[in-house]
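Q: Hi, I've just opened this one and could use a quick tour. Could you walk me through it?

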Amino acid sequence: MEKVLCTLNGATLGFNKATGELVSLNGASCGELIRNGSGLIDVAWPLKYDYEILRASADGKFYPSAPSIETDNGSVCITWEKLPQNIDTKEQERLEGGVWAQVRFWEEPDGISIGMSCKVRNNSNTEVRQIVFPDFQGLEATDGDNTRFTTLGASNKPFIELADSPDNRKTFFALSPPVSGKMYQGGGYFDKDGMIGRWYNVGGLKGGLCVFRKHWGWGPDVPTEMGRGDAVWVKLNNKAHTLRVANLHNVALKNGDVYDSGEYIITPHAGGWARGIAPYKAWVSTNMKRAVKQPDKIKRALGYRTIWMTEQYPADPDAIKYKYDDLPEVAKDMKEHGLYELSVWGNTNCMLPYTKDSFCKELGGFEKWKQNVEIVHSMGVNVAPFVSFISLWHKTGERYGLSTGAAGEGWSQNIKGIPVFQASYMEKYRCSFISDQTIPLWKEDVVTSLRFLRDEAGTPSIGWDQVILSPAPNTLIDLIKEYRQETAELHPDATFYGESTFYYEGDVNFLDYTWDWEYWPGVGDCRAYSHVIRTTRPNINIDNSPLHAKYSFMDNMIMNVIPSKVEDVNGSAYIYEYPELSATLKALAALRERFISFFIEGDILGDCILANESVDARVTAFEHSGNVVLFAVKLTDDDTELDVDLEPFVDANNRSLTMYDIQGRVVSSYAVEDAKLKITLKGAAEELYAIEIQ
């Protein structure tokens with residue numbers, strides 16, 4: 001095979017001269033990322049009905065035509081007049097004209113990254129239905145089986161998780177991980193695959209490749225989506241033991257139609273993801289446009305507290321968990337554990353528009369609510385009620401002339417119900433959601449109700465159930481922005497949080513933190529997210545697990561402390577009812593204050609500070625002003641050794657290391673003489689240590 005080689009910003013790309021396939025990729029600082037690759041661009045070109053599996057691609061075997069490959073002063077342009085086919089067919093006349101494609105590479109101004117884009121034009125009368133680009137085939141396991149596919153919210157090991165094994169064969173073949181691979185989809189914190197944004201990294205602690213699409217906001221493939229249209233497919237080649245990572249775009253290109261991918265940025269890098277994410281971080285910072293500044297108290301916060309005041313039917317005394325008069329006691333319990341933000345659920349009847357009558361008389365009525373909110377605020381605890389204005393309850397549906405779903409499809413929830421959730425006979429809370437956010441009366445009710453809560457009920461801080469955005473003008477995102485800006489003039493410290501769904505690139509402009517149903521580990525691993533986004537802190541719900549509190553603490557997640565009584569609703573217990581959790585939260589609150597500058601001003605590095613992965617401890621490091629702190633939780637009772645490499649992040653000369661336990665007591669202290677050092681952790685499993693190197 002004859003190769004065309006081109007070096008762009010220190011990385012050498014090799015293309016098969018006869019086919020245009022990307023067959024090799026070598027980073028200057030990380031070595032071989034692709035050694036025996038193929039592919040680059042691939043399209044679905046289905047012929048109904050016998051040849052719906054037909055594809056055209058750079059590595060197609062039928063009807064090949066050599067592309068032109070032009071290299072010129074820091075750029076490469078590859079053009080296929082007709083992409084080859086993956087199978088032969090008996091209906092070539094329907095494919096006449098073929099599919100034209102062009103891929104370009106260029107050097108980015110940052111000196112470390114490469115830009116790439118593609119155009120596809122359908123010259124045939126058969127629709128092109130999918131474009132796969134970029135299509136990286138033959139990615140090497142740079143860190144053996146520890147090589148990861150990392151996104152803003154997850155970090156998985158595809159060389160293990162997608163490997164052919166007896167356990168992975170226990171299903172229908174089309175759902176078997178070794179056969180089907182795994183799909184990831186951008187969007188928001190709600191998505192369980194953890195993609196969140198349009199960035200990913202393939203690699204381990206020995207080097208890798210960061211990739212992101214240079215697009216922000218709505219579209220471009222699906223105009224009504226904000227990243228969810230950007231799917232990434234990860235497939236392990238179990239025969240070659242290499243990885244295929246490909247971005248998928250569903251299209252419907254008719255004859256003469258042209259698809260333009262826009263720009264993708266790839267960054268080969270040494271070490272872990274933290275050493276290659278800077279271009280994406282810079283891209284995000286140029287596009288984020290906060291409605292108001294995130295309050296400092298949320299930056300500093302260990303977490304917040306959630307209580308569920310009633311199970312929807314307060315006429316039943318058993319459904320009442322807290323009355324308004326209980327709020328000061330809840331606040332006292334919170335303050336003892338370093339929590340100063342209270343999310344309140346079930347304090348009203350949920351129905352728009354809000355008035356004094358929205359507050360449950362069984363809980364004490366409006367005046368009791370207002371009186372106790374004032375007391376709690378005087379204690380230094382902020383009350384932020386959670387509202388469900390996006391939900392179309394049956395009474396509000398009638399108000400807007402809209403129908404709602406059946407009872408069994410709504411949000412009824414009561415321990416006396418059978419089933420507890422969505423009982424088919426509970427009508428009061430049947431609902432759907434507002435799909436048309438341009439309804440004038442709904443928008444008026446939302447704005448009026450938010451202002452009522454702020455101006456009359458004493459609670460300018462708000463929690464928003466289901467942040468579902470619309471690309472239409474003057475809809476929810478605009479209403480929230482307007483509310484936040486006018487409220488900031490009156491109450492500069494007011495907060496706004498919500499349940500992130502599928503609109504991360506919108507959420508970060510107005511949410512201070514999230515309230516999602518995420519328990520450890522949430523969507524997987526949000527350290528890359530927290531490196532990029534200093535606002536809109538993602539939450540982890542903590543019921544009564546001290547270990548999960550430690551993990552959330554070390555990753556700078558905002559804890560939603562929501563302990564429950566046995567067989568009762570979330571948040572029904574006081575924190576002090578769980579002594580081990582209570583002691584842990586008190587210790588973590590003090591430890592966070594000790595290292596607060598690292599948490600709010602430093603860069604989270606995850607475990608990228610390590611030279612080799614640790615299997616016996618979970619490690620997260622932060623760098624700030626040339627100093628480093630590592631937090632480590634032991635996973636075993638045996639002594640654990642961490643293999644640390646400071647050199648990529650700080651100058652290691654004349655350093656001292658001090659190790660603290662969770663109580664802030666010094667465990668050991670000594671001089672650091674080398675950038676590469678071994679740190680030994682003693683003690684029992686689940687012990688947390690803070691290791692400061694300054």
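**A first look around**

A: Happy to! Glu-486 and Arg-451 form a salt bridge, with their closest N and O atoms 2.9 Å apart. The pair links distant parts of the chain, with Glu-486 in helix 9 (residues 476-490) and Arg-451 in helix 8, 35 residues apart. Keep in mind that this is a predicted model.

Q: Okay, and how accessible is Glu-486? What about Arg-451?
A: Glu-486 counts as partly exposed at 23% relative accessibility. Arg-451 is partly exposed too, at 31%.

Q: How many salt bridges does the structure hold?
A: There are 46 salt bridges. One of them joins Glu-140 to Arg-35, where the closest N and O atoms are 3.3 Å apart. Glu-140 sits in the loop between strand 11 (128-139) and strand 12 (142-145) and Arg-35 in strand 4 (residues 31-38), so this pair ties together parts 105 residues apart in sequence.

Q: Is Glu-140 buried or exposed?
A: Buried, with a relative accessible area of 15%. Arg-35, at 42%, counts as partly exposed.

Q: What do the side chains of Asp-555 and Arg-618 do?
A: They meet in a salt bridge, 2.9 Å from N to O. Asp-555 is in the loop between helix 12 (546-554) and strand 31 (558-561) and Arg-618 is in strand 33 (residues 617-624), so the bridge ties together parts 63 residues apart in sequence. Asp-555 is buried, with a relative accessible area of 2%, and Arg-618 is buried as well, with 14%.

Q: Which residues are linked in a network of salt bridges?
A: That network links Arg-198, Arg-213, Asp-221, Asp-230 and Glu-505.

Q: Let's switch to helix 6. How many residues does helix 6 have?
A: It has 14, running over residues 365-378. From first C-alpha to last, helix 6 reaches 20 Å, close to the 20 Å expected at 1.5 Å a residue.

Q: Which residues of helix 6 are buried?
A: Gly-365, Phe-366, Trp-369, Asn-372, Val-373 and Val-376. They cover an arc of only 135° around the axis, which puts them on the same side of helix 6.

Q: What do those buried residues of helix 6 pack against?
A: Their partners are helix 5 (327-335), strand 23 (341-345), strand 24 (382-387) and helix 8 (440-455). The face turned away from the buried side carries the exposed residues Glu-367 and Ser-378. Just after helix 6, Gly-380 takes a positive phi of about 90°.

Q: Last one: which residues make the nonpolar surface patch of about 450 Å²?
A: Phe-172, Phe-173, Leu-175 and Val-179 make it. Leu-175 lies in the loop between helix 1 (158-161) and helix 2 (177-180), and Leu-175 is exposed, with a relative accessible area of 58%.

Note on methods
Residues numbered from 1 in each chain as written. Predicted model: local features only at pLDDT ≥ 70, side-chain atom pairs only at ≥ 80, totals over all residues. Heavy atoms only, no water. Helix = DSSP H or I, 4+ residues; strand = E, 2+ residues; numbered from the N terminus. Expected span 1.5 Å × (residues − 1). Buried < 20%, exposed > 50% of the residue type's maximum accessible area, 1.4 Å probe, protein only. Arc of directions from axis to C-beta. Contact = heavy atoms within 4.5 Å. Patch = residues over 30% accessible without salt bridge, like charges linked within 9 Å, V, L, I, M, F, W, Y side chains within 5 Å. Areas by Shrake-Rupley, 256 points an atom, 1.4 Å probe, with all protein chains shown as cover. Salt bridge = Lys/Arg side-chain N within 4 Å of Asp/Glu carboxyl O.
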